[in-house]
Amino acid sequence: MHRSVEESALLRSTSHAVGGPELVAGDTIVAISTPAGEGAIALVRISGPGAIAIAGKIFRGKENPNEFGSHIQHFGEIVDEAGQLIDEVLISIHRAPASYTGEDLVEISCHGGTLVTAKVLEACLRGGARGARPGEFTERAFLNGKMDLTQAEAVIDLIRARTDLALRSATEQLEGKLGKKIRSIQGALVELVAHIEASIDFSEEGIEPDEGEKLRARLDSIREEISGLLATADQGRLLREGVRVVIYGATNAGKSSLLNRLLGYERVIVSDSHGTTRDTIEETVNLRGVPVRLLDTAGLRTSTSDIEREGIARTERSLKQADLRLHIVDRNAPRPEHFDESAANGNEILVLNKSDLPEHAYWKNLSALRISCATEEGVAELENEIIRRVGKQKLRPENAVAINLRHRDCLRRALDACDQARRGMDESRSPELLTVDLNDALAAVGEVIGTVGVEQILDSVFGQFCIGK
């Protein structure tokens, strides 16, 4: 008996895929989910098949946690093994599968002192839980089908977001927008494989004369979709890591003063002495919604000092890695020896500092931004120009969905496999060879959302989380 076309494709191409949202049996984990240190409230989380039973061992109140309704807070006490009070708490039970992890989940809100939270954690461990690994709560949510892998990665992006744009991107990914795009590509690949499988499994029925062109058009559409997502890789890097802006120039040009102005506080020592900055100093600023990594570098000049020469070498390395360079020049002084007027381009802004002082004749007719770090004159215009240049580097607020480096690696492999299949169609290769390439593409796309090859990427993804998330 023949399989259906869709069955044939699915069985051949997703034989190693992870199953649906079936709960993963395992031990019970616990962690403090709020940051270390003192605060009004701390949250201790327990997740797993024994979570409610453990809560019953350490909680004292009007009812036993086993009798609690789901998602309702109850007031009571956490006690030690001798029945002595540790803290008064609010406790809630989130029954599987309607919880963050998809398992039975207990949340204990206690007072936020360092010692009291440690004591509550100790009571949970004594009750039978084990300490959670970094990211293990979210990992369990993924394994239990509560989210795909792109949504799991969005959780850490959400936590690390430093600007509105980065926050919006993480939120949209958490809502599943990137996963939806990936599943659309995945579905189109499965359908394409199904048609090619038809020529193998249903060869006696024949293929329509125009089927070949239709398949080419469908593959080309898939390739365009993948290419479109790959084009967001730079935006994803800028959103997650920030735009790398390197401030450089001759000694005493005002580089450190500019860094302080852009940050809004005195981060770097400023001195009239040459060579004050010997190393690269990096700080991140939210510049009108865009995360910008500002790097203050050692001044460029000929030096006999080994330490200063190393600082200058680091400056040169930073310049090679910059998304944007700010070349700071003292307009009150003559042209410095290293100055190259032709270097200013789309990747570099020439900034003439000290506009509160007379301008040297060399700079009179030179096109550049003129600022004063002393009076703040022109600094707002410089910020506008930085944002304008950043916009040219594909940081577009209207398109908040952006892939990360892991996604880019997967999608590049998927596109290479699709390109190989396209060449195979043009060269009239056998259907069996085409399905090999398309199954490679399908596997690579599946890795993005975690439906193929999960084991080797989970540690990398969830190892970035803090304990308790």
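For my notes, strands here are DSSP runs of type E with at least two residues, numbered from the N terminus, and I call two of them paired if DSSP finds at least two bridges between them. I'm also keeping in mind that this is a predicted model.

**Entry 1: a hairpin.** I started with the hairpin of S4 and S5, where 5 residues sit between the strands. Gly83 has a positive phi there, near 85 degrees. I then checked how S4 and S5 pair, and found 7 bridges in the antiparallel sense. One pair I looked up is Glu77, which faces Glu88 in S5.

**Entry 2: the other neighbour of S4.** Which residue of S4 is the bridge partner of Arg60? I found Glu77 again. S3 and S4 are antiparallel too, joined over 2 bridges.

**Entry 3: the whole sheet.** I zoomed out and read the strand order as S3-S4-S5-S6-S2-S1-S7. That makes an open sheet of 7 strands with mixed pairing. Which strands are at the edges? They are S3 (59–60) and S7 (130–131), and each of them pairs on one side only.

**Entry 4: S5 and S6.** Next I followed S5 (residues 85–94) over to S6 (residues 105–112). They run antiparallel, and I got 5 bridges between them. Ile91 has Ile108 of S6 opposite.

**Entry 5: helices on the sheet.** I wanted to know which strands helix H3 lies across. H3 covers residues 114–127, and my list reads S1 (29–32), S2 (39–47), S4 (73–79), S5, S6 and S7. Its direction is at about 150 degrees to S6. Helix H4 (residues 136–143) packs on the sheet as well, and I noted that H4 touches S1, S2, S6 and S7. Against S1, the direction of H4 makes about 135 degrees.

Entry 6: I placed Leu174 in helix H6 (residues 164–174). Is Leu174 buried or partly exposed? Its relative accessible area is 31%, so I wrote down partly exposed, the class between the buried limit of 20% and the exposed limit of 50%.

**Entry 7: helix H10.** Why do I call H10 (residues 255–263) largely enclosed by the rest of the structure? Because 7 of its 9 residues are buried, which means under 20% relative accessible area. I listed the buried ones as Lys255, Ser256, Leu258, Leu259, Asn260, Leu262 and Leu263. After H10 comes Gly264, and I noted its positive phi, near 90 degrees.

How values were computed
Residues numbered from 1 in each chain as written. Predicted model: local features only at pLDDT ≥ 70, side-chain atom pairs only at ≥ 80, totals over all residues. Heavy atoms only, no water. Helix = DSSP H or I, 4+ residues; strand = E, 2+ residues; numbered from the N terminus. Contact = heavy atoms within 4.5 Å. Axes fitted to C-alpha atoms, helices over the stretch in contact; angles between N-to-C directions. Buried < 20%, exposed > 50% of the residue type's maximum accessible area, 1.4 Å probe, protein only.
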